[in-house]
Amino acid sequence: MSNRQKMLGVLLTGLLFLGAAGCTQQDSGAYDQAMEALNLGNYNLAEEKLAEAELSDDRPAEAARGMGILSLARGQYQEAMEYFEAAIEYAGAKNKTFIRDVKLYQAETFLAEEKLDEAEELCRELLEEGKSGKAEIILGRICLLQEDPEAAQEHFTASVSAEQSYENYLAIYDLYVNASMEADGAVFLEQALTLTPSDAEDYCSQGQVYYSLGETELAKTSFARAIDLGSTEAVPMMGSLYLENQEIQAARSMYQSYLNEAVRPAIAYNGLALCDLAEGDYDAALANISKGLAEEDTEIRESLLLNEIAAYEYKLDFQTAKSKMEEFLAEYPENEAAVRENLFLQSR
């Protein structure tokens, strides 16, 4: 997990908001609400809104696409492929942009299934039709998995050539970090600093770039500018910076402000719990963690559960910590930090 991802305690995936397959004049907005819910990790609400988009708004192509993305996030790969195929069929040949987007998600699904040849073939087919920064990134990921860093770099370079955006540079950096090649990823972050931010989202992304490069003061400046321009995403990131600098009250203020915005409460509760842990108030931390878990934010759940285990360890309640860790590893067996921590717990 990269430093940027640790700022929120979770890997957040961006979703494209496409409506290329058409919608009715009386569209209720259910599809956009579904995509927002997906982006916020609220899978149950997303599923509900996608059903509404299909039935009430007559948007079967977009609904199928959304259900495919939801199934992919849940690890239901066969179902995801079936939904993506349905989305393409519903869309019709004229909706080329929509279909290319769906095919990229199909390639992501192949990759998740470790079907590298199928993912590569699909991406190369897309590149024959035209440039695609996202297809190049997927090909680069495949090369990293195949331990071919030179080919990966070529694909990543082609990706940023096709799509110069903070999102693209940061995605490439994260892939390098996950491959234990952080220095190679930093090269792309340095390139990202040549971009000129133009809005709140850009300044927030610029802050993430500076943070990942270890330039915390510059990151603060960028996040502050993003917040001034109305970014809510930058608020918990600023809180994370304050927390790292042991400025607990300033961090708490940021997380409380984010909680008041009610955009993604689980992130705020997780941050407040970290402030509680830093101040030694372990019962308060557990209370905030409980509130966070009640939000059923799928993507924040892992971080909340880890912090819950830490709170019980700090309370010297190793029996409960062991029990919680056993449950955690059953749910997240690939979390290396938890595996290491479990070895410590077994000695207590």
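1. A word on names to begin: helices here are DSSP runs of H or I with at least four residues, strands are runs of E with at least two, and both are numbered from the N terminus. Residues are numbered from 1 along each chain as its sequence is written. Please keep in mind that this is a predicted model, in which local features need pLDDT of at least 70, side-chain atom pairs count only at pLDDT 80 or more, and totals for chains, interfaces and linings use all residues, while side-chain values use heavy atoms, with hydrogens and water left out.

2. Let us stay with His 155 for a moment. Its relative accessible area is 14%, so His 155 is buried (buried is under 20%, exposed over 50% and partly exposed in between, with a 1.4 Å probe and protein chains only). Leaving aside residues up to four places away in sequence, His 155 touches Arg 124, Glu 136, Leu 139, Gly 140 and Cys 143, where contact means heavy atoms within 4.5 Å.

3. Next, have a look at the loop between α8 (133-145) and α9 (149-162), where Glu 147 lies. Glu 147 has a positive phi, near 55°, although it is not a glycine. Most residues other than glycine have a negative phi. Glu 147 counts as exposed because its relative accessibility is 71%. Gln 146 is found in this loop between α8 and α9 too, and with a relative accessible area of 42% it is partly exposed.

4. Another positive phi in a residue other than glycine belongs to Leu 316, near 65°. Leu 316 sits in the loop between α18 (298-314) and α19 (318-331). Is Leu 316 buried or exposed? With a relative accessible area of 62%, Leu 316 is exposed.

5. Now to helix α13, residues 216-228. At 1.5 Å a residue, its 13 residues should span 18 Å, and the end C-alpha atoms are 18 Å apart, which agrees; the expected span is 1.5 Å times one less than the number of residues. Ala 219, Lys 220, Ser 222, Phe 223 and Ala 226 are the buried residues of α13, and they pack against α12 (200-212) and α14 (234-244). Just after α13 comes Gly 230, with a positive phi of about 105°.

6. Helix α4 (residues 60-73) is worth a visit for its partners. Its axis comes within 11 Å of that of helix α6 (residues 96-112), and the two cross at roughly 20°. Axes are lines fitted to C-alpha atoms, for helices over the stretch in contact, and angles run from 0 to 180 degrees between N-to-C directions. The pair α4 and α6 is therefore roughly parallel (under 35 degrees; over 145 is roughly antiparallel, 65 to 115 roughly perpendicular and the rest oblique). Among the residues that meet are Ile 69 and Leu 72 in α4 and Phe 98 and Tyr 105 in α6.

7. On α4 there is also helix α2 (residues 30-39), packed at an angle of about 10° with the axes 11 Å apart. That makes α2 roughly parallel to α4. From α2 the contact uses Tyr 31, Met 35 and Leu 38, and from α4 it uses Glu 62, Ala 63, Arg 65, Gly 66, Ile 69 and Leu 70.
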